[in-house]
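Open the model in your viewer and keep the selection tool ready. The stops below run in order.

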Amino acid sequence: MDVFLLGLEHILTFSALLSILAGTILGVAVGVLPGLGSVIGITMILPFTFSMDQIPALALMLGIYCGSVYGGSISAIVINTPGTPQAAATALDGFPMAQRGDADLAIGWATVASVLGGLFSVLVLIIAAPQLAAFSLNFTAIEYFALGIFALICIANVSRGAMAKGLLSGAIGLFLATIGVDHVTGDMRFTFGNFEMTAGISLIPAIVGLFALSEVFIRASESTQVKEVITHKVGFRLPALSEWTPRLWLLLKSCTIGSFVGTLPGTGAATAAFIAYGEAKRSAPNKEKLGIGEPDGLVSAESANNAVTGSAMVPTLALGIPGDPVTALMLGTFIVHGLTPGPRLFTENLDLVYAVFLILVLVNVLMFFVGALGAQLFTRALRVPEPLLMAMVTVIAIVGAYGVRGNPLDLATAFLAGVGGFVLRKAGFPLAPLVIGMVLSQMIENSLRQGLLLTRGSFLAFFERPIALTLFMVTAAMLLWPLVRYVREREQKEGKS
């Protein structure tokens, strides 16, 4: 109880409450604008949090994270263009409702489902994270090495149809993080005699370039024709309580699906939304109406994708292992502000952990009021010309990249990362494994070295520890599964011929 009160004291300050409000509003706005989304929103704001205190900085980032996941539903409903990938399933029923004049009701359904899904995920986080952190006390460097490899392979494995490219992207991230001074021996690695390179590649400018600037380059390379955005008349209308009663079981199932998917590295809210939507098409009370403007579709998709937000923080807080680029950025925020996610966080900074729980609760509750009061205002942002929007993103990205250390080299890093990200995306390489590789590289390398010291240089001894062996076996299965699937498909084709 004392820890809870300390956490409450942390967030009941003017700066913390202002950060929660500003982060939620900004997050919804970022989510509404197609093409920005959670990663770019957090990327642009992250450098500006370095001068902030711990709690306000975390509150701002969590507000943007949760708000952006919900915000994507508004543009999905109003213009049939999801503001974020997480809201793609929402458009299937949201836009047909808008076409028949029920855009305000559709936003009401989406908002309530989003809030309930988010709160459900916070409950999962509160229950699961401490238990996982306690279990991870059994981990040595060997287990953390196995866990790091497992997380990286998970991210690569879900790269759509391109696991080889996902693995190569992750390897590039691991390599880039090794540039600079070796933390153990003090040797210079891949600096080519350049003194400025001894500090290594700064993570924040690299992320700013990979996501924000590469998006600008992608937009610039595509059609230059200005598209006219047609928006329906938008307001906010809550569905009657009686309409929720037959959908409570669907809501609970979708929240559970989203929370479970969120704890798995590399899956994300978009995956959760489509899995929940598929389950709704199988078992929802009005399953035959899905796709033509049925609220069941909105309830399943929005509750599931928002249920990911809290549960995705479970491995991040408990193990220090990010499951996607968003939680990787959140992990960076913790580290920059002197906090190390993992078991020690729950023993040394438990009051801050409870503060994070409370921030997530407040953000999700506040999302309801932001959506109810600001739906009409946010849709006006859809009329901002794309060239102007991309110019704003570029300016904020450059200021953010330079402002971290005031080092001109960071501007060059951001630009080169932007060009590299543009080339990789055009070639079909996913960026998520690259970022996760950069974030996890030091932990994987240090754990490997420490593990070899524990086993006196014997790597085979890593397989003698049950937890590590299990993780290695699951990792191997994930690597071999695409090959097995390919062989089976080939045999089936030969059998038919």
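This is a predicted model: local features need pLDDT of at least 70, side-chain atom pairs count only at pLDDT 80 or more; totals for chains, interfaces and linings use all residues.

**Stop 1: a buried arginine**

**Stop 2**

Go to Glu279 and Lys253. These two form a salt bridge, with 3.0 Å between the closest N and O atoms. Glu279 sits in helix H12 (residues 269–283), and Lys253 in helix H11 (residues 248–262). The pair links distant parts of the chain, 26 residues apart. Are Glu279 and Lys253 buried or exposed? Both are buried.

**Stop 3**

How many salt bridges does the structure hold? The count is 10. Select the one between the side chains of Glu143 and Arg465, at 2.6 Å from N to O. Glu143 belongs to helix H7 (residues 141–157), while Arg465 lies in the loop between H20 and H21. They are 322 residues apart, so this pair too links distant parts of the chain. Check the cover on each side. Glu143 is buried, at 2% relative accessible area. Arg465 has 30% relative accessibility, so it counts as partly exposed.

**Stop 3: two positive phi angles**

Stay in the loop between H20 and H21 and pick Arg456. Its phi is near 55°, a positive value in a residue other than glycine. Arg456 is exposed because its relative accessible area, 80%, is over the 50% cut-off.

Then jump to Phe190, in the loop between strand E2 (188–189) and H9. Phe190 is not a glycine either, yet has a positive phi of about 55°. At 41% relative accessibility, Phe190 is partly exposed.

**Stop 4: the second largest pocket**

Show the second largest pocket, about 1,200 Å³ in volume. Which residues are closest to its centre? Select Ile335, Met438, Val439, Gln442 and Met443, out of 41 lining residues. Next, colour the elements that each supply at least two lining residues: strand E1 (180–181) and helices H9 (203–221), H15 (325–336), H16 (343–348) and H20 (432–454). H20 gives the most, with nine residues. The lining has 23 nonpolar, 14 polar and four charged residues.

**Stop 5: a nonpolar surface patch**

Switch to a surface view and select Leu167, Leu479, Leu480, Trp481, Leu483, Val484, Tyr486 and Val487. Together they form a nonpolar patch with about 720 Å² of accessible area. Which helix gives the most to the patch? Helix H21 (residues 466–496) does, with seven residues.

With a relative accessible area of 52%, Leu483 is exposed. Val484 is also found in H21. At 38% relative accessibility, Val484 counts as partly exposed.

Notes. Residues are numbered from 1 along each chain as its sequence is written. Side-chain values use heavy atoms; hydrogens and water are left out. On a 1 Å grid over the protein atoms alone, a cavity is a set of points where a 1.4 Å probe fits but cannot get out, and a pocket is an open set with protein on both sides within 12 Å along at least five of seven lines; lining residues have an atom within 4 Å of a point. Grid points are joined across faces, edges and corners, and a volume is the space filled by probe spheres set on the points. Helices (H or I, at least four residues) and strands (E, at least two) are DSSP runs, numbered from the N terminus. Ala, Val, Leu, Ile, Met, Phe, Trp, Tyr, Cys and Pro count as nonpolar, Asp, Glu, Lys and Arg as charged, and the others, Gly among them, as polar. Patches are made of residues with over 30% relative accessible area and no salt bridge: like charges are joined within 9 Å, nonpolar side chains (Val, Leu, Ile, Met, Phe, Trp, Tyr) within 5 Å. Accessible areas come from the Shrake-Rupley method with a 1.4 Å probe; for residues, only the protein chains shown count as cover. A salt bridge is a side-chain nitrogen of Lys or Arg within 4 Å of a carboxyl oxygen of Asp or Glu. Buried means under 20% relative accessible area, exposed over 50%, partly exposed in between (1.4 Å probe, protein chains only).
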